[in-house]
Structures are given as structure tokens and as C-alpha cells.
Amino acid sequence: MTTPALAPVTGRARIDVLDILRGIAILGIFFMNIPYMGQNSILVQENIRAIGWTLADRWTWAVIEVLAEGTQRGLLEMLFGAGMMVLTTKAMLPDGPVAIADLYYRRNLWLLAFGLFDVFCLLWVGDILHIYALAALFLFPFRKLAAHWLVVIGMSFALATVAMGAGEYLDRTAMIAKVERAQARQHAGQPLSVPDRETLKAWQTKLESIRGNDAQKKAAQEEDAARRPGASFIAYASLMWSEWFGLQGKGFTVAFVIEAFCAMLIGVALWKWQIMQGGRSTAFYLGMMLLSYGIGTTIRVIGVTEIFAFAPIPKTIWMTEEFGRLAMTLGHIALVNLAVKTAIGTAILAPFKAAGRMAFSLYFMQQFLALYVLFAPFGLGLYGRFGWAELSAIAAAIVIGQLIFANIYMRVFVAGPLEWLWRSLAYVRWQPLLRRRGDLPVTIQEHAPIVA
């Protein structure tokens, strides 16, 4: 008995819809990342009005928050789960070679290395590659689990966020009740107890936090000093590294690995149900899209309304945020699969196939352009100059450029440069890079799946 040779899946062995979804996700994620790259990250997180709050800024922030925030990450996570199924299909056979498991773990260990390079060399604090690599290391043993159990486990993170959010909601509701009682006694001229004074002080702190307190301003000034034109590379890099290590102290990587792992499990289930790869009917995708968008937009519009109050009120989005993210992500998957069932939809989305086939390279290109060219203190020095709408316009221009570049590049090469390097390292042999005569161009329909 001979062992099948292991090699990347290419040519007719791909499914276009997966490449389209990946292309949309990797280009779309730049709209969420660029505010942290081009503006003060403290203000972006803590005081969204501080970087610009014109009518265009408000609409830009709200539209991205409702339609896109977290969903591009969700698409990549679910595609990662589907990709694991593609890669490990032979391992699920009774005589499946151990070499496939070996390849799977080697690929993800190299992905971890690329992710750490993104953090420490390209200086991207929000890198997702090392998070996906760590999550994927736990994914392999779940490949044979029934789809419904995968969903049950996959939804555990969302349920946990509901529990944590509900606790925060109840605490804030109780705090407001205490504040109202203390303020009533204060207005009546009654003496305040020590708990009353502590409650009012805590409430004042929350009010100041929304407007920007002294601690936020100091942290923002320190970041500005390291990122303004003229700052040294050492100061710039040290800031980025310290921010990343600071996030680790807050459990950032652990939380996002759990989130990614759970979404990957859902992606595996969607693959087993033939949903991810376009195997269901038009009516199914239409119903899935309407239901998912109905749930997701409702949750998120309510959340935006609560945030726009700019007051320390209890917010339902604390409980529903992850459900909203997953719902919108599923809506995007349904919409794309629905679109590619039509000639018009296929024509409109076809350019994203090339982007999806070199998504790894495009992701790194985004980091380099933003953090080393546009907004670096030693680059064009555009840091801190633009608000939400302008940053999104810059992102749109870069994304369009990347889309054009990818379609030209993929007519000559079979893989992006980093995809080629990753595959070569994973398979421990150099892979072909130039497209050979007779290879299918990226615009031709192809038929089986691969991720990355």
C-alpha cells in the first residue's frame, strides 16, 4: 500500500466561494484595523469622538460597527475551521496517513511564527495570525465530532459573554439606583454616608471616563510622543511592543484564542452541513441571510444607540455582542453564497478570488503600508491627522489597489509570496511559484476547497 503524496491543493481542486469569502474578509478587516494604525489607540478605544465626530465620522463609525466590526475576523475563523476539514480529509479515513496530522501541526506552528513576526517586526499589536495558530492547535481532535455538537461547543463562548455581560448590566443598574438615592439625599440637604460619597465618586469617575479622564489623556500623550514625526524607531517599536504585552496582561490572547477556537468549530460544522462551500439551495441561503441579518442588525443597531448616548448606562450590547457578531458573519456567508448562484453575483465577486488566494500576503502588506509608510514617524508621518471617515477612505483606496494588484499577480503566479513561503516551509520542500502554461486563470470556475 502506498501513501498518497502530500501537496497543496491547486487548480481545479479549489472552490471559488471560499476564496471569495477569504478575499472579502482579508480586505474588509483593514477597515477595522486602520483606526488603530493611523490614530491614537487609547482614543479609538476609550473616547471615539476624540479623533473626529463630524456627521461623516458618525455615519462611518456606525455603519462599520453594525455591518462589519468583528465579522471579517469571524469569516476568517470559520474559514479556518473549514480549511482544517479540507486539509485533514485523508486523515479521517481508516488508513489515513499520520503525515497529514504532522503537516497540519507544522503549518500552524509556522503560522504562529509568522504571527509573532507581525507583532514584533511589523509592529502590529492586533495581529490575528498567532491567535489563529494557537486556536488551531486545539482544533484537530474535533474533526470527527458531529456537526450539532460542534455548534453546541462553539456557542459556549457566546453564552459565556452573555453571563459576564449580564453581571455587568446588573451591577451598573444597581449602581445607578444607589447614585439616584445618594443624589436625592444630597438635594434634600441630608448628610451623606461614607457609602453614598463613595458611590457618587465612582459615578463621577465613570462620567469623566466617557469624556476622557486624566489617565486616558496622559496615556494618549505618551502614545502621541512615540508616534509623531521625528520620533525614533526605538521609541515607536517600544510603544507597540509594550502595548502588546499590556494586552497579554489583560488576557487578550487567551480570550481571543477561545473566541477563535469556538468560531472555528462552527466553521467545521458549516462545512459538514455543506453551507460554507455552497452546497445548499438558493432558498436555504436566502432564509439564512434574512434570519442572520435580522438578528445581527437588530442587536447591533440597539448597541450603537446605547453607545451614542455617551452615558454610563447599562447596555444590552454587553450581553449580546458575540451573538450579534456571529449572526452578521453568518449573514455574510449566506449573502456571498447566494450571490455566486447568479451570473451577476459571480461576475461582481470574481475579483475577490485572487485576493483570497493571496490573503496572507495582502494582510502583511496592509501592516507594512500603514505602520511603516503612511503612519510611521519615519514614513509619511500622517499619524493622528484623520478621523473615522477619512481613515475609511484611505482604507478603501488601499483595498482597491490590493484587489487590482492581486488579480494581476495571480495571473503570473500560483500563490502569493508569503503563501508560497508558508507552503514550502510546511511541506519541507520548495513549492512551484510561477504559473505554468495550461494552468487555469483565476477567473475560471473551479471545484474543491482549500483555505490559505
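Trainee: Where does Arg 73 lie?

Mentor: Arg 73 sits in helix H4, residues 71-87. Helices (H or I, at least four residues) and strands (E, at least two) are DSSP runs, numbered from the N terminus. This is a predicted model, where local features need pLDDT of at least 70, side-chain atom pairs count only at pLDDT 80 or more, and totals for chains, interfaces and linings use all residues. Residues are numbered from 1 along each chain as its sequence is written, and side-chain values use heavy atoms, with hydrogens and water left out.

Trainee: Okay, is Arg 73 buried or exposed?

Mentor: Arg 73 counts as buried, because its relative accessibility is 18%. Buried means under 20% relative accessible area, exposed over 50%, and partly exposed in between (1.4 Å probe, protein chains only).

Trainee: And what does Arg 73 touch?

Mentor: Not counting residues up to four places away in sequence, Arg 73 touches Ile 29, Tyr 132, Phe 256, Glu 259 and Arg 325. Contact here means heavy atoms within 4.5 Å.

Trainee: Switching to another arginine: where is Arg 227?

Mentor: Arg 227 is in helix H10, residues 214-227. Arg 227 is buried too, with a relative accessible area of 1%.

Trainee: Which backbone oxygen lies 2.3 Å from a polar atom of the Arg 227 side chain?

Mentor: That's the backbone oxygen of Met 37. Leaving aside neighbours within four places in sequence, Arg 227 also has contacts that include Tyr 36, Gly 38, Leu 371 and Tyr 383.

Trainee: Zooming out, how many helices and strands does the protein have?

Mentor: There are 19 helices and 0 strands. The radius of gyration is 24 Å, close to the 22 Å from the globule rule for 452 residues, so the protein is as compact as a globular protein of that length. That radius is taken over C-alpha atoms, and the globule rule is 2.2 Å times the number of residues to the power 0.38.

Trainee: What share of the 452 residues is buried?

Mentor: Buried residues make up 51% of them. As for the C-alpha trace, it spans about 90 × 50 × 40 Å along the principal axes.

Trainee: New topic: what about phi at Phe 310?

Mentor: Phe 310 has a positive phi of about 45°, although it is not a glycine. Phe 310 is in the loop between helix H13 (282-307) and helix H14 (317-339), and at 22% relative accessibility it counts as partly exposed.

Trainee: And what is phi of Val 428 near?

Mentor: Phi of Val 428 is near 55°, a positive value in a residue other than glycine. Val 428 lies in the segment after helix H19 (417-427) and counts as exposed, at 61% relative accessibility.

Key: A polar contact is a pair of N or O atoms within 3.5 Å; within protein, one must be able to donate a hydrogen and the other to accept it, and residues adjacent in sequence count only if both atoms are side-chain atoms.
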